[in-house]
Amino acid sequence: SVAAAIEEVGEASVEWKLDGARIQVHRAGDDVRIYTRNLNDVTERLAEVVAVVRSFDSSSFVLDGEVLGFMGPDQAPQAFQDTMSRFGRGAGETALVPQFFDVLHLDGADQIDEPLRVRRERLAALVGPHLIPGTTTPDPAVGEGVLADALAHGHEGVMVKAADSSYEAGRRGRSWRKVKPVHTLDLVVLAVEWGSGRREGWLSNIHLGALDPATGEPVMVGKTFKGMTDEILAWQTARFQELETHRSGHTVHVRPEQVVEIALDGAQTSSRYPGGVALRFARVVRYRDDKSVDEADTLDAVRSLLAGPATP
């Protein structure tokens with residue numbers, strides 16, 4: 001929770017967590033270069049971002065941020081895969097908007113050893129409306145308000161960062177915490193794949209279905225092999241061989257009789273699965289022997305988790 005994160009790091013910058021494509025922007029005079037997190041130069045694909053960066057009132061800086069697209073009259077954020085598709089194509093119908101969360105260098109001076117509260121003040125003065133929204137506070141209630149606002153605008157959560165932390169390249173350190181709501185769904189197992197490596201000999205990756213409200217039949221919405229202990233792997237290997245109907249390659253298809261509780265971060269549109277939606281970061285919580293298949297969640301429940309502004 002935001003409260004637990006603030007209790008751990010102290011006064012914090014609580015900032016919206018966007019589900020965009022990470023970028024780092026370098027400007028030296030008129031030269032602007034844009035790089036991915038893997039330092040691939042994507043400047044030529046992002047002319048609209050170059051134009052924004054050239055509008056800033058400084059000719060020497062290095063910034064960390066994200067780009068994402070917004071759709072419709074409510075300006076709902078695009079799903080991550082749509083942003084990445086546009087990111088890879090170059091020019092497209094939807095412009096990508098840069099939003100920045102840190103400054104590494106400004107006007108000839110490195111900023112990485114400055115405390116975050118100072119860096120964020122300087123970043124705000126430089127980028128104006130292209131600053132990722134947030135606030136610096138020691139108050140958990142204020143931080144929870146930032147989280148509620150981020151979710152209401154269709155974003156995935158917040159980052160809670162120690163206000164006195166210096167810049168750390170690469171992975172987030174102990175001074176940064178990501179806070180996102182966790183959803184759970186009761187879904188139906190449709191098939192399961194034999195594992196490999198350490199999981200060889202066990203049935204591992206499960207295919208998950210939600211009930212189609214029109215037919216009452218389960219429709220596939222994703223897979224997961226996350227959250228499984230050795231005990232769960234052993235149990236499901238025995239269980240799903242009992243329910244087996246046929247095999248195709250390394251996949252064992254089963255009668256749709258087993259309900260499993262799945263934790264997930266949300267859903268996204270997808271043409272990969274028949275229901276038109278896919279689970280995001282799904283992992284097993286527990287098997288629900290106390291629930292029958294007709295008590296499983298529906299496609300409508302999955303679709304309700306699609307990114308977008310909250311409805312009143």
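The legends below describe close-up views of a predicted model.

Local features are described only where pLDDT is at least 70 and side-chain atom pairs count only at pLDDT 80 or more, while totals for chains, interfaces and linings use all residues. Residues are numbered from 1 along each chain as its sequence is written, and side-chain values use heavy atoms, with hydrogens and water left out.

**View 1. Domains of the protein.** The domain assignment, whose bounds come from an automatic or database source, gives domain 1 (1–17 + 133–181), domain 2 (19–131) and domain 3 (183–305). The centres of domain 2 and domain 3, taken over C-alpha atoms, are separated by 38 Å.

**View 2. Helix α4 and its two sides.** Helices (H or I, at least four residues) and strands (E, at least two) are DSSP runs numbered from the N terminus. Buried here means under 20% relative accessible area and exposed over 50%, with partly exposed in between (1.4 Å probe, protein chains only). L116, R119, R120, L123, L126 and V127 are the buried residues of α4. These residues lie on the same side of α4, because they cover an arc of only 125 degrees around the axis, the arc being that of the directions from the helix axis to the C-beta atoms. E121 and A125, on the other side of α4, are exposed. After α4 comes G128, which has a positive phi near 55 degrees.

**View 3. Strands β12 and β13.** β12 (residues 203–211) pairs with β13 in the antiparallel sense over six bridges, where pairing requires that DSSP finds at least two bridges between two strands. V219 in β13 is the bridge partner of A210. Six residues lie between the strands of this hairpin, in which G216 takes a positive phi near 80 degrees. Six of the seven residues of β13 (residues 218–224) are buried, so β13 is largely enclosed by the rest of the structure.

**View 4. L279 in the largest nonpolar core.** A nonpolar core is a set of buried Ala, Val, Leu, Ile, Met, Phe, Trp, Tyr and Cys residues joined through side-chain atoms within 4.5 Å. Among the 29 residues of the largest such core, L187, I206, F240, V260 and L279 touch the most other members. With contact meaning heavy atoms within 4.5 Å, and not counting residues up to four places away in sequence, L279 touches L185, L187, L208, V221, L264, G266 and V302.
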